[in-house]
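Work through the exercises below with the sequence and the model side by side. Each task is followed by a solution in steps.

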Amino acid sequence: MRIEHDDENDVAYIYLVDEIRPGEADSQFLVEREGMPGEIVLDFDAGGRLLGIEVLGAAAILRPEVLALANEDEPPSDPYGFPPG
């Protein structure tokens with residue numbers, strides 16, 4: 001399992017598999033809850049197995065420690081803003 005978070009758009013994706021190939025997510029299910037400050041979309045393969053979870057408005061739905069996991073795999077940033085390498 002891994003988590004990616006797009007800070008600019010506040011969208012997180014929780015991968016439950018190593019990789020989701022193009023077209024592999026066969027169907028989506030929108031999770032609705034009254035008063036929820038964002039949206040959650042479940043992605044399923046053709047066999048009905050859950051591949052991943054998309055969270056829109058992630059900062060309001062996910063705990064900070066969960067979002068922090070998304071940044072653990074990123075290379076350290078340079079204090080002057082230069083890309084690594």
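**Exercise 1. A salt bridge and its two partners**

Does R49 count as buried or exposed, and at what relative accessibility? Then find the salt-bridge partner of R49 and describe its surroundings.

Solution. 
- Step 1. The model is predicted. In it, R49 has 55% relative accessibility. The cut-off for exposed is over 50%, so R49 counts as exposed.
- Step 2. R49 forms a salt bridge with D45, and the closest N and O atoms are 3.1 Å apart.
- Step 3. D45 is found in the loop between β4 and β5 (50-56).
- Step 4. The relative accessible area of D45 is 10%. Buried means under 20%, so D45 is buried.
- Step 5. Leaving out residues up to four places away in sequence, D45 touches E24, D26 and L51.

**Exercise 2. Other salt bridges**

How many salt bridges are there by the distance rule? Describe the one between R2 and E4 and the one between R63 and E65.

Solution. 
- Step 1. The rule asks for a side-chain nitrogen of Lys or Arg within 4 Å of a carboxyl oxygen of Asp or Glu. The count comes to 4 salt bridges.
- Step 2. The side chains of R2 and E4 meet at 3.4 Å, N to O. R2 has a relative accessible area of 31% and is partly exposed. E4, with 37%, is partly exposed.
- Step 3. In the bridge between R63 and E65, the closest N and O atoms are 3.8 Å apart. R63 is exposed, with a relative accessible area of 58%, whereas E65, at 47%, counts as partly exposed.

**Exercise 3. The surroundings of H5**

In which strand does H5 lie, and which side chains make polar contacts with the side chain of H5?

Solution. 
- Step 1. H5 lies in strand β1, which covers residues 2-6.
- Step 2. Its relative accessible area is 15%, so H5 is buried.
- Step 3. The side chain of H5 is joined to that of D7 by a polar contact of 2.7 Å. Another polar contact, of 3.1 Å, links the side chains of H5 and D10.
- Step 4. Beyond four places in sequence, H5 touches D10, V11, A12, A58, L67 and A70.

**Exercise 4. The chain as a whole**

What pattern does the protein chain follow along its sequence, and where does pLDDT stay under 50?

Solution. 
- Step 1. The protein chain has 2 helices and 5 strands. Read along the sequence, the pattern is β-β-β-β-β-α-α.
- Step 2. The chain has 85 residues, of which 25% count as buried. Its accessible surface is about 6300 Å², with 51% belonging to carbon and sulfur atoms.
- Step 3. Among contacts with a separation of 6 or more, 36% come from residues 24 or more positions apart.
- Step 4. The mean pLDDT of the chain is 87, and 85% of the residues reach 70 or more.
- Step 5. Over residues 75-85, pLDDT stays under 50, and the model has 2 contacts beyond four places in sequence for this stretch. Where pLDDT is low, the predicted coordinates should not be read in detail.

Notes: Residues numbered from 1 in each chain as written. Predicted model: local features only at pLDDT ≥ 70, side-chain atom pairs only at ≥ 80, totals over all residues. Heavy atoms only, no water. Helix = DSSP H or I, 4+ residues; strand = E, 2+ residues; numbered from the N terminus. Buried < 20%, exposed > 50% of the residue type's maximum accessible area, 1.4 Å probe, protein only. Polar contact = N/O pair within 3.5 Å; in protein donor to acceptor, adjacent residues only side chain to side chain. Contact = heavy atoms within 4.5 Å. pLDDT = per-residue confidence, 0-100. Areas by Shrake-Rupley, 256 points an atom, 1.4 Å probe, with all protein chains shown as cover.
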